[in-house]
Amino acid sequence: MKYTNILEEEIKNKVAQSYFAKFDCTKILGKIDFAVKLQRPQNAIDFNDEYLLWAEAKQKPTDILVMLTQLVLTIGKARTFDEIMPPQFLGCYDNQKIAFVPYHDIQHIFYQNDFNWNVTPSNHETKEFRQVYEQIQKIIDNDIPWKTYLFDFERDEKDLKKFIRENFIVGKFETTKLKIDKNNFIIIFDKWHKTVKPTIAVNWEIAKKNSIIEGDFYLADLLANENQTISEKLLVLLKSNHYVANRHFNEMGMFSSDKAIFTDNQKAHNLFWAKYERPPQEDYWDYMIDRHDLLVPQDIRERKGSFYTPQKWVELSQKYIADVLGEDWQDEYYIWDCAAGTGNLLAGLANKHNIWASTLDKADVDIMHERIANGANLWDNQVFQFDFLNDEFLPQSKKGKLPDELYSIISNPKKRKKLVIYINPPYAEATSSATIYGKRENKSGVAIIHKTSDRFQPIIGKATNELFAQFLSRIYSDINGCKIGEFSTLKAISGTSFTQFRNFFLAKLQKAFIVPADTFDNVKGQFPIGFKIWDTDQKEKITKIKTDIYDKNNQYIGKKTFYAFEQSKYINDWLNHFIDNTVTAFGILNTRGNDFQNQNYITIEHNNTNIVAHSIKFNITINNLIQCSIYFAIRKCIPATWLNDRDQFLYPNKKWEKDLEFQNDCLAYVLFSNNIQSKCGKNHWIPFNEVEIKSKRKFDSHFMFDFLNGKCVQNGYSNLFEQQENKMWIKREFSPQATAVFDAGRELWKHYHAQLNTNANASLYDIREYFQKRNDKGKMNNASEDKKYTELIGNLRDQLKILAKKIEPKVYEYGFLKL
């Protein structure tokens, strides 16, 4: 062996020095062991990293397939290829040998549906590891002349160096355009989809109904020379400054086509393609056209149901079904997963005679058939391609898509009562948090391109934006009487857009549990996903449901009730009673929604501060300061978690009106939690006077101090109070918890004013900015080098948490939240 009795890191160093000395091997790329890229030329200003190899490394002799499998799981888990152009090769080596495999032969593994990438790559016992291992083994056995890519460090040293010399080609620095090949054409499509696609004047919903997708336009661009598509195999062609599609002979026998132009005079298109060399090498053309199926954006994959259901929740859901239907339910009931993906939800079911699985994507059907060949407990003829939201219920014997036996079950009212629709339907919506928060455009067409949308929109209204609601609606309407076991969010129960759905979907909930959403692959965010078992034969309107709770470790932690607030008023309705446009505002309360998921967007700041999209600005004046303080404290004092994410804040009872201590607690909480900045306007929010915090200069405003101490409004505030300048206020009496907050804040202000070059009118935000400073991107740092400040701000935050805990019971007592 070439490298014996040395550590793995030393092996990496020696391999880099011996074989890749002309390249840069110093880059640490996530958890990838070894990465080789082109050296950055001296004086390069605009240089794009071009990787040639990502590799797994081991200290001792290890099976090549094991190393490659671990590498693929590492890359797939981090989705490294989403951010960085993939290399020409993936590889692996130990102290004896090194192997290479072309990335393009492996890359389809990263795009398979219904796969759990959240496993530990080094755990060789998982079914995911075995699955990828078998896929790589099949690729190597069938497609690659393996002997030319495997080298012994000692025996094949000359051949190895020759291989690297001939295949790790360093491009000329003067060539600024990036080459497109099998490895990177998908990641470039993702960039094209965000940049160029929005500028093409096409109705994408209509185009998709005619079997033309965004990928067709991308291929037209990609396989082009000087903006002229050079392959006639494509459905769409680029013709200089426009596209043509649907080429045909019209009724008069003349050749005709449809034309699509650019909405920006082709500016984005030209800027984008100026970075890339087109067309790619001709050897790649057929591959790129054949792998047209990979050219779909992420939201399309969501519609296909690409969210893997973790095995622990699969097992738990089947236990719950058994609790409801009896331990022999698999023998006594039929089971149909009509959004099966690659069938992972059906794992563990024993009676394959009673199981049917269908999915939109033929590639997923092929994978399930392959799994059956490898021992999966399903029948080939009971796994089939079916678009549940579009295809008709017709048996195969009548040229439909449903197996005849399954059709006979769903067509028979008596048999339907013995049918369980068992699904984790696609989680996609036309509007997500990223759209309503102004981060990207609405996902036009995500949930409206299906027949079920047109059919059920008049019945369930806005709920059709959610694909799972379309699934449930068709099941309830067309297979009524069946049982449903389904994973979805809790929007159907408590969502304000689901009122019409709840009037339509009259089914009895028999049992349910909830788990954290981020335990599901590809699902981001802190909110609950529930598994719910419905009996559509028993009619019952959803008013509330009680669910069991399991944490991410599958531990039972209690129960939670979700309510459908059909006729309820919400906290924003209550706040609207205190709108005041009669006097000048000295602050703005940003409000949004009525639930916890909007907590981070509830802020108090100046009127001219940048406001996030879709927030509603509410003027804070002398007449509504207390009510605004209550609103802010109520929305912020309880931390948002995955459990309460969808809980709704309600219109309160009137008990709060007589509770002055509660009102003052809320005011104290606001004074030390706002985002007021003195640079944005006069700061009327300083709760102290100059003497007690030892300010070197006079404040521009004493309003808040005067207000807290019940003083008359002095001259100089007429712009705030107009005709109310002679009004008297009571002196505010604060609870011990609120007083502790003031004391902690006072020490922080004193420490700030003891510094040099301070601002007399500094707000809490200004003080934080002074000590924490900003990074080179302009974002405030999370910590400060000033130890005294760190201690003081930490104490203030601790006291605020104590005060928040005091306020919390009142939130429920006064009806702002319901237990």
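**Exercise 1. Identify the members of one aromatic cluster, and count the aromatic pairs.**

Step 1. One aromatic cluster is formed by Tyr3, Tyr19, Phe20, Phe23, Phe34, Phe89, Tyr93, Phe100, Phe151, Phe153, Phe163 and Phe168. Rings of Phe, Tyr and Trp (its six-membered ring) pair if their centres lie within 6.5 Å; planes under 30 degrees apart count as stacked, over 60 as edge-to-face and the rest as tilted.

Step 2. The model is predicted: local features need pLDDT of at least 70, side-chain atom pairs count only at pLDDT 80 or more, and totals for chains, interfaces and linings use all residues. Residues are numbered from 1 along each chain as its sequence is written, and side-chain values use heavy atoms, leaving out hydrogens and water.

Step 3. By the pairing rule, the count is 73 aromatic pairs.

**Exercise 2. Describe the pair of Phe513 and Tyr550.**

Step 1. The two rings are edge-to-face, with 5.8 Å centre to centre and 80° between the planes.

Step 2. Phe513 belongs to strand E16 (residues 508-516) and Tyr550 to strand E18 (residues 544-550), so the pair ties together parts that are 37 residues apart in sequence. Strands (E, at least two residues) and helices (H or I, at least four) are DSSP runs, numbered from the N terminus.

Step 3. Phe513 counts as buried because its relative accessibility is 0%; Tyr550, at 11%, also counts as buried. Buried means under 20% relative accessible area, exposed over 50%, and partly exposed in between (1.4 Å probe, protein chains only).

**Exercise 3. Work out how the strands E1 to E5 are arranged.**

Step 1. The 5 strands form an open sheet in the order E1-E2-E3-E4-E5, with mixed pairing. Two strands pair if DSSP finds at least two bridges between them.

Step 2. Strand E1 (34-37) and strand E5 (150-152) stand at the edges with a single partner strand each, so one side of each has no neighbour in the sheet.

Step 3. Strand E4 (residues 97-102) and E5 run antiparallel and are joined by 3 bridges. Lys97 has Asp152 in E5 as its bridge partner.

**Exercise 4. Find the largest nonpolar core and the residues with the most contacts inside it.**

Step 1. A nonpolar core is a set of buried Ala, Val, Leu, Ile, Met, Phe, Trp, Tyr and Cys residues joined through side-chain atoms within 4.5 Å. The largest has 70 residues, and Trp192 and Tyr243 have the most contacts inside it.

Step 2. Helix H2 (residues 64-78) supplies the largest share of this core, 9 residues.
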